[in-house]
Amino acid sequence: EKERTGDLNIEEVVDWPGINLKLGQVSGLALDSNSNLVIFHRGDHVWDANSFDSGYIYQQKGLGPIKESTILVLDPNSSAVLHSTGRNLFYLPHGLSIDHNGNYWVTDVALHQVFKLASNGAESPLLSFGRALQPGSDKNHFCQPTDVAVDPVTGNIYVSDGYCNSRIVQFSPDGMFVMQWGEESSVGQTKPGQFSIPHSLTLVSDFGQLCVADRENGRIQCFKPETGEFIKEIRHPLFGREVFAVSYAPGGLLFAVNGKPYPGDTVPVQAFVMNFSTGEIIDTFIPLRKNFEMPHDIVASDDRTVYVGDAHTNTVWKFASPEKMEHRSV
Ligand SMILES: O=C(N[C@@H](O)C(=O)O)c1ccccc1
């Protein structure tokens, strides 16, 4: 029986988007200041078992960068594609976030790089971090970096790095390396500040915390961003083994998605709504159409609209609270 401690009762908006978005693997979602949904996807490129060698070197450079637009900007109501950019830049898109000035921040796990892009679609990045196609773990090298968060107050930049590193790296607003924290997880009881694929970041602006989806440890860890000081961990049996993404909506709600159950596991793949202060699960939800396969990112707006992007079904779903939808139908 669902825990209905909240009145949210979120469900899929089944007539959205109403157009064929022709998406590849959906890796990142973000909302811009006009509540437009921004989608970061892989077009005709796929991250599969052959994409990297044992040294995390990308094996499909010969394909060239994705030719089609990897960044789509959708009107929240009409679903019209307002802009489409990000052509001929990326090999394996991953994380996407939008800063307080409307710039896009993206990561590419094949390039092992992070880019700041102007939202007007200018082809050349405003800033780039890391060295193209060179994995590593220092001030100028990432290893399959997963996400970015930019603090709207300080302008500090945080990068979750990555599949083959276990750290969060902080850069100053003008892109200088400042500090890093995190270490790989020890076998057995994982400690605070240890990661096993820091996979998604969200700034919890109302509480001055940076939260990380610590994917393979199946937990969310929250830190004081300026110092990397561990604040708290959010963990639930309902998460199962993996937490893929986390997103804070101003007003106190934290959203997350977990991973598909391993064979034999019983915990279903689903999305969660939590009260950030208490960490308690208020609601869980899944699509009405199709099923989550690899829900890879989740983004929530302050009016309880939630989007989930899936890297295996190449799908984006829109969810909302029925109360809100009833108002809209009046
Ligand atoms: O997790 C994987 N991918 C996703 O995170 C993703 O970002 O696509 C993955 C794992 C093994 C092989 C190939 C892909």
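Keep in mind as you look around that the model is predicted. The chain forms one helix and 26 strands, and a ligand sits among nine residues that include Arg42, Tyr163 and His296. The notes below take you through the pockets, the ligand, the overall shape and a few spots in the backbone.

**The largest pocket**

- There are 33 residues in the lining of the largest pocket, and the closest to its centre are Leu31, Ile98, Thr202, Tyr248 and Val299.
- Which elements give two or more residues to this lining? They are strand 2 (26–31), strand 6 (93–98), strand 10 (145–150), strand 16 (198–204), strand 20 (243–249) and strand 24 (295–300).
- Sorted by class, the lining of the largest pocket holds 17 nonpolar, 11 polar and five charged residues.

**The second largest pocket**

- Seven residues of the lining of the second largest pocket are nonpolar, three are polar and four are charged.

**The ligand and its neighbours**

- To find the ligand, look for the residues that surround it: Arg42, Trp47, Asp48, His94, Tyr163, His199, Arg215, Met294 and His296.
- This shell is evenly divided, with three nonpolar, three polar and three charged residues.
- Arginine 215 places a polar side-chain atom 2.7 Å from an oxygen atom of the ligand.
- For histidine 296, an N or O atom in the side chain is 2.9 Å from a ligand oxygen.
- Histidine 94 also has a polar side-chain atom facing a ligand oxygen atom, at 3.5 Å.
- How much of the ligand's accessible area does the protein cover? On its own the ligand has 350 Å² of accessible area, and the protein covers 74% of it.

**Overall shape**

- Along the principal axes, the C-alpha trace spans about 50 × 45 × 45 Å.
- The radius of gyration is 18 Å, which agrees with a compact globule, because a globule of 330 residues would have a value near 20 Å.

**Backbone spots worth a look**

- Most peptide bonds are trans, and most residues other than glycine have a negative phi.
- Against that background, the bond from tryptophan 16 to proline 17 is cis, with omega near -5°.
- Where is glycine 162 found? Glycine 162 is in the loop that runs between strand 11 (157–161) and strand 12 (167–171).
- Asparagine 9 has a positive phi, near 50°, although this residue is not a glycine.
- You can find asparagine 9 in the segment before strand 1.

Definitions and conventions: Residues are numbered from 1 along each chain as its sequence is written. This is a predicted model: local features need pLDDT of at least 70, side-chain atom pairs count only at pLDDT 80 or more; totals for chains, interfaces and linings use all residues. Side-chain values use heavy atoms; hydrogens and water are left out. A residue is near a molecule or strand if one of its heavy atoms lies within 4 Å of it. A polar contact is a pair of N or O atoms within 3.5 Å; within protein, one must be able to donate a hydrogen and the other to accept it, and residues adjacent in sequence count only if both atoms are side-chain atoms. Accessible areas come from the Shrake-Rupley method with a 1.4 Å probe; for residues, only the protein chains shown count as cover. Ala, Val, Leu, Ile, Met, Phe, Trp, Tyr, Cys and Pro count as nonpolar, Asp, Glu, Lys and Arg as charged, and the others, Gly among them, as polar. On a 1 Å grid over the protein atoms alone, a cavity is a set of points where a 1.4 Å probe fits but cannot get out, and a pocket is an open set with protein on both sides within 12 Å along at least five of seven lines; lining residues have an atom within 4 Å of a point. Helices (H or I, at least four residues) and strands (E, at least two) are DSSP runs, numbered from the N terminus. The radius of gyration is taken over C-alpha atoms; the globule rule is 2.2 Å times the number of residues to the power 0.38.
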